[in-house]
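Biologist: Before I use the terms in this description, I would like each one checked against its cut-off. Shall we go through them one at a time?

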Amino acid sequence: MLKNSELAITVIPQLGAKVISIVSLKHNREWLVHDKQITLKPAKNNDFSEHDSGGWDECFPGITPQLYEHIPNKAHFSHDHGELWCQAWQITNTHISDEEIILSLQAEVFDSTFTFIRTFILKKHSKRLLVDYYVKNNSTHNLPFVWSAHPIFAVEPEMRILINSKHMEFKVDEGLSRFYNVNSAFINWSECSTKVPPLNKVMSYNSGFASKVFSKHLNTGTYKDQNIIVKLVDDKAQQSCGFEFSSASISHLGLWFNYNGWSATGASAPFVLGIEPCIGNSDSLQHSIQSSEQGIVEKGQTKFWRLVFFVN
């Protein structure tokens, strides 16, 4: 647990370094969801549905299961939601002082082709958790990847989803197209507020809506080097949480709406929201490569990006 006067964050290294809890201490509010139907334990056969209890996982080097064929003379199978959630991570650094708490954990991917490091930094009295990512390519070839933070939030109807970039456009998936009868390939976020029900508000419990959308590349054209803020707001309680990041290093934003609309196991569908800063415009690494929107770690190099989680 990382804890100061504002936040308490609980991480389980043995379970893919899953963050199982983020509590805003002044409000005694848990922001992450935990599905009590799923026991916290190592999943067998790398079946993500046995691990999909909520919380915050990391997805890398892809999200959909597929062969990773970019390492010469080797082919690895990348499992559903990637290779990080299904292994124990190693704690590589802990630092506790009067000013801050630092926790670093790392995992190896594809026989140590990649080293994936996530470092949490929680400063004294801060409402902001800094999350630094380092991905080292230990091979002699440039290698592609898709990465997504995968936090699942506990939500209630009428909570709002605010994005500071009004021009942001999202690719329309089958769930969105069917629910709203949308025929266009992309939808502008500001346009979502005009839909009935509006997409920028959490829908009712009986909506049955499920959709996963990805933004267009955030660091192109006249909108380069933006500071992106995406926030989940509970107006009744006057509380909020969210993410802040630079489009120069985190290129896309994914949103997973599941308002009792989809279940991986056949059990009752959850009522949750995923806010997923990511690198890549698809769950599929192959699709991201086809549109030239994948991440790349050059041979022998380390790629860095930072994500900030905050509460108000």
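**Terms and values**

Modeller: A search of the whole structure finds 14 salt bridges. The model is predicted, so local features need pLDDT of at least 70 and side-chain atom pairs count only at pLDDT 80 or more, while totals for chains, interfaces and linings use all residues. Residues are numbered from 1 along each chain as its sequence is written, and side-chain values use heavy atoms, with hydrogens and water left out.

Biologist: Why is the meeting of Arg29 and Asp234 called a salt bridge?

Modeller: The term requires a side-chain nitrogen of Lys or Arg within 4 Å of a carboxyl oxygen of Asp or Glu. For Arg29 and Asp234 the N to O distance is 2.8 Å, so the pair meets the 4 Å limit. Arg29 belongs to strand E4 (residues 29-30) and Asp234 to strand E18 (residues 227-234), 205 residues apart. Strands here are DSSP runs of E with at least two residues, helices are runs of H or I with at least four, and both are numbered from the N terminus.

Biologist: What makes Glu244 and Arg128 a pair that ties together separate parts of the sequence?

Modeller: Their side chains form a salt bridge at 3.0 Å, N to O. Glu244 is in strand E19 and Arg128 in strand E11 (residues 128-137), so parts 116 residues apart in sequence are tied together.

Biologist: Are Glu244 and Arg128 buried or partly exposed?

Modeller: Buried means under 20% relative accessible area, exposed means over 50%, and partly exposed lies in between, with a 1.4 Å probe and protein chains only. Glu244 has 17%, so the residue is buried. Arg128 has 34% and therefore counts as partly exposed.

Biologist: Which salt bridge does Arg160 make?

Modeller: The side chain of Arg160 meets that of Asp235 at 2.7 Å, N to O. Arg160 is in strand E14 and Asp235 in the loop between E18 and E19, so this pair joins parts 75 residues apart in sequence. Arg160 is partly exposed at 27%, and Asp235 counts as partly exposed at 41%. Elsewhere, a network of salt bridges links Lys212, Glu276 and Asp283.

Biologist: How do you know that Gln239 makes a polar contact?

Modeller: A polar contact is a pair of N or O atoms within 3.5 Å; within protein, one must be able to donate a hydrogen and the other to accept it, and residues adjacent in sequence count only if both atoms are side-chain atoms. The side chains of Gln239 and Arg29 have such a contact at 3.1 Å. Gln239 lies in strand E19 (residues 239-246) and is buried, with a relative accessible area of 12%. Not counting residues up to four places away in sequence, Gln239 touches residues including His27, Trp31 and Asp234, where contact means heavy atoms within 4.5 Å. Arg29 and Asp234 are both buried as well.

Biologist: What makes E9 and E10 a pair of strands?

Modeller: Pairing requires at least two bridges found by DSSP. Strand E9 (residues 100-109) and strand E10 (residues 114-123) run antiparallel and are joined by 10 bridges, so they meet that requirement. Ala107 has Phe116 as its bridge partner in E10, and Glu108 has Thr115. The two strands form a hairpin with 4 residues between them, and Phe110 in the turn has a positive phi of about 55 degrees. E8 and E9 pair over 6 bridges, also antiparallel, and form a hairpin with 3 residues between them.

Biologist: Why is E9 called largely enclosed?

Modeller: Of its 10 residues, 9 are buried, so E9 is largely enclosed by the rest of the structure.

Biologist: Which strands stand at the edges of the sheet?

Modeller: The open sheet has 8 strands in the order E8-E9-E10-E11-E23-E19-E18-E14, with antiparallel pairing. Strand E8 (90-96) and strand E14 (160-163) each have a single partner strand, so one side of each lacks a neighbour in the sheet.

Biologist: Why is the chain called as compact as a globular protein of its length?

Modeller: The chain has 3 helices and 23 strands. Its radius of gyration is 19 Å, close to the 20 Å that the globule rule gives for 312 residues, so the description holds. The radius is taken over C-alpha atoms, and the rule is 2.2 Å times the number of residues to the power 0.38. Buried residues make up 54% of the chain.
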